[in-house]
Amino acid sequence: MTFEELKPKVIDILHHDYTLRDEKLLQVCHLLKDNIDYYDWVGFYFRNGDKEELLLGPYAGEPTDHTVIPFGKGICGQVAVSNKNFVVPDVTTQDNYIACSITVKSEVVVPLFVDGKNIGQIDIDSNVLDAFSELDERFLEFVNEQVAKLF
Ligand code: SME
């Protein structure tokens, strides 16, 4: 499915009246993972209150041990500090990287802003090398802008 086809489906999920926020986020994770062939793990991490750490939120894909990530650690922890998208075409080139699965070859993390504050992020892992382009970044920014309205 194309990004343009997925966008209204994301909005539909998020606008559902009687669904809890985490359930909506879980459905978005599955929508993306199931319909974009190179998205092999899709998940949200959120800042743990005022602590400088991220907690794993809803996700689709293999369970990960990395349910708590300190700010600054790994790709996710770096995005928590930089407030900027991080595209990793080849994870083997990164020193500050937390491997969730040996099959992962590339990754993209896009921060999630609510009222200008970085409250978390969406994280995508791919088993394909150099899987992500600027189109993925724009699409994931769109997803996060929609998700932000739930907070
Ligand atoms: N690879 C991430 C950790 C999260 S997993 O990909 C699910 C990182 O380096 O922060």
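Student: Which strands does helix α4 lie across, and at about what angle does helix α4 run to β5?

Tutor: Happy to start there, keeping in mind that this is a predicted model. Helix α4 covers residues 134-148. The strands under this helix are β1, β4, β5 and β6, and its angle to β5 is about 35°.

Student: What is the order of the strands in the open sheet?

Tutor: The sheet has 6 strands with antiparallel pairing. At its edges, β3 and β4 (86-88) each pair on one side only. Neighbouring strands are turned by 25° against each other on average, direction ignored. Reading across, the order is β3-β2-β1-β6-β5-β4.

Student: How many bridges join β5 and β6?

Tutor: Strand β5 spans residues 106-114 and strand β6 spans residues 117-126. Across this pair, Pro111 stands opposite Gln121 in β6. The two strands pair in the antiparallel sense, and the count of bridges is 9.

Student: Is Gly72 buried, partly exposed or exposed?

Tutor: Gly72 sits in the loop between β3 (68-70) and α3 (74-82). Beyond its neighbours within four places in sequence, Gly72 is in contact with Gly77, Gln78, Val81 and Asn96. Buried would require under 20% relative accessible area, and exposed over 50%. The relative accessibility of Gly72 is 29%, so this residue counts as partly exposed.

Note on methods: Residues are numbered from 1 along each chain as its sequence is written. This is a predicted model: local features need pLDDT of at least 70, side-chain atom pairs count only at pLDDT 80 or more; totals for chains, interfaces and linings use all residues. Side-chain values use heavy atoms; hydrogens and water are left out. Helices (H or I, at least four residues) and strands (E, at least two) are DSSP runs, numbered from the N terminus. Buried means under 20% relative accessible area, exposed over 50%, partly exposed in between (1.4 Å probe, protein chains only). Contact means heavy atoms within 4.5 Å. Two strands pair if DSSP finds at least two bridges between them. Axes are lines fitted to C-alpha atoms, for helices over the stretch in contact, and angles run from 0 to 180 degrees between N-to-C directions.
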